[in-house]
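Biologist: I would like to learn how to read a model like this one feature by feature, with the general idea given before each case. Could we begin with the way strands are paired?

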Amino acid sequence: MEILGSVPPDPGQAPPRRPIEYEGSWRFTAPALESSVPQARHAVRDLLGHQRVPASDDLVQNLLLIVSELVTNSVRHAALLSPEIAVEVSIGAKWVRVAVEDDHPYRPKALEADDDRIGGRGLLLVKMITYEAGGECDVEHTASGGKVIWAALPLPTTSATNLPPAR
């Protein structure tokens with residue numbers, strides 16, 4: 001997994017302020033292989049710990065499950081058109097956003113729960129985890145014709161109204 005670097009957070013409309021030490025954005029790239037799923041999960045966990053993000057164990061576990069599901073979906077469904085995927089972690093004062101980007105143009109939709117069907121509910125799980133945590137998620141097209149699927153979860157003592165704007 002290759003780290004492309006740290007990008008300062010988007011200042012948005014707010015007046016300039018001194019960033020909290022854990023704020024920033026990091027982008028990791030990886031081949032669209034099954035082995036990238038645990039690598040991405042470990043990289044996100046290590047980043048959150050290294051940055052000392054004030055996240056509860058439940059929040060970290062939710063973020064790691066979301067990353068696992070999104071990377072797995074990209075590996076399984078987009079690898080033919082996207083031999084490399086990107087995972088981005090953006091951390092603000094009041095939220096953590098994880099995003100997975102690939103070059104496949106198809107925008108998936110969350111399937112309904114079906115007890116007779118094995119698999120196919122990863123995006124539904126991501127949406128359920130996100131909304132239960134008071135967050136937001138979406139699927140968007142990229143300028144290159146691919147897609148990015150993101151989920152933003154609030155840090156403790158925040159509300160969903162403080163989530164970052166969609167890109």
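Modeller: Two strands are said to pair if DSSP finds at least two bridges between them, and the elements themselves are DSSP runs, numbered from the N terminus, with helices being H or I runs of at least four residues and strands being E runs of at least two. Please keep in mind that this is a predicted model, in which local features need pLDDT of at least 70 and side-chain atom pairs count only at pLDDT 80 or more, whereas totals for chains, interfaces and linings use all residues. Residues are numbered from 1 along each chain as its sequence is written, and side-chain values use heavy atoms, with hydrogens and water left out.

Biologist: In which sense do strand β5 and strand β6 pair, and over how many bridges?

Modeller: Strand β5, residues 136-141, and strand β6, residues 147-154, pair in the antiparallel sense over 6 bridges. His 141 stands opposite Lys 147 in β6, and the hairpin of these strands has 5 residues between them, among which Gly 145 takes a positive phi near 95°.

Biologist: How many helices and strands does the chain have, taken as a whole?

Modeller: The chain has 3 helices and 6 strands, and read from the N terminus on, its elements run β-β-α-α-β-β-α-β-β. As for contacts, which are heavy atoms within 4.5 Å, residues 24 or more positions apart account for 66% of those in the chain with a separation of 6 or more.

Biologist: How much of the chain is made up of buried residues?

Modeller: A residue is called buried under 20% relative accessible area, exposed over 50%, and partly exposed in between, with a 1.4 Å probe and protein chains only. By that rule, buried residues make up 43% of the 167 residues in the chain. The chain exposes about 9,500 Å², of which carbon and sulfur atoms supply 54%; these areas come from the Shrake-Rupley method with a 1.4 Å probe, and for residues only the protein chains shown count as cover.

Biologist: Which residues of the largest nonpolar core touch the most other members?

Modeller: In soluble globular proteins, nonpolar side chains tend to be buried together. A nonpolar core is here a set of buried Ala, Val, Leu, Ile, Met, Phe, Trp, Tyr and Cys residues joined through side-chain atoms within 4.5 Å. The largest one has 37 residues, of which Leu 48, Ile 66, Val 71, Val 89, Ile 91 and Val 96 touch the most other members. At least two residues of this core come from each of β2, α1, α2, β3, β4 (95-102), α3, β5 and β6, and the largest share, 9 residues, comes from α2. Leaving aside residues up to four places away in sequence, Ile 91 touches Tyr 22, Glu 23, Gly 24, Trp 26, Leu 48, Val 53 and Val 96.

Biologist: What do the buried residues of α3 pack against?

Modeller: An α-helix has 3.6 residues a turn, so residues three or four places apart point the same way. The buried residues of α3 are Gly 122, Leu 123, Leu 124, Val 126, Ile 129 and Thr 130, and they pack against α2, β5 and β6. Thr 130 lies in this helix, residues 122-132, and has 0% relative accessibility. Beyond four places away in sequence, Thr 130 touches Ile 66, Gly 135, Glu 136, Cys 137, Ala 151, Ala 152 and Leu 153. After α3 comes Gly 134, whose phi is positive, near 85°.

Biologist: How many salt bridges does the count come to?

Modeller: Side chains of opposite charge can pair when their charged atoms come close. With a salt bridge taken as a side-chain nitrogen of Lys or Arg within 4 Å of a carboxyl oxygen of Asp or Glu, the count comes to 6. One of them joins Glu 88 and Arg 27, at 3.6 Å from N to O, and this pair links distant parts of the chain, since Glu 88 is in strand β3 (residues 84-91) and Arg 27 is in strand β2 (residues 24-31), 61 residues apart. Glu 88 is buried at 10% relative accessibility, whereas Arg 27 is partly exposed at 23%. Glu 88 also forms a salt bridge with Arg 97, with the closest N and O atoms 3.9 Å apart, and both of these residues are buried. Arg 27, Glu 88, Arg 97 and Glu 101 are linked in a network of salt bridges.
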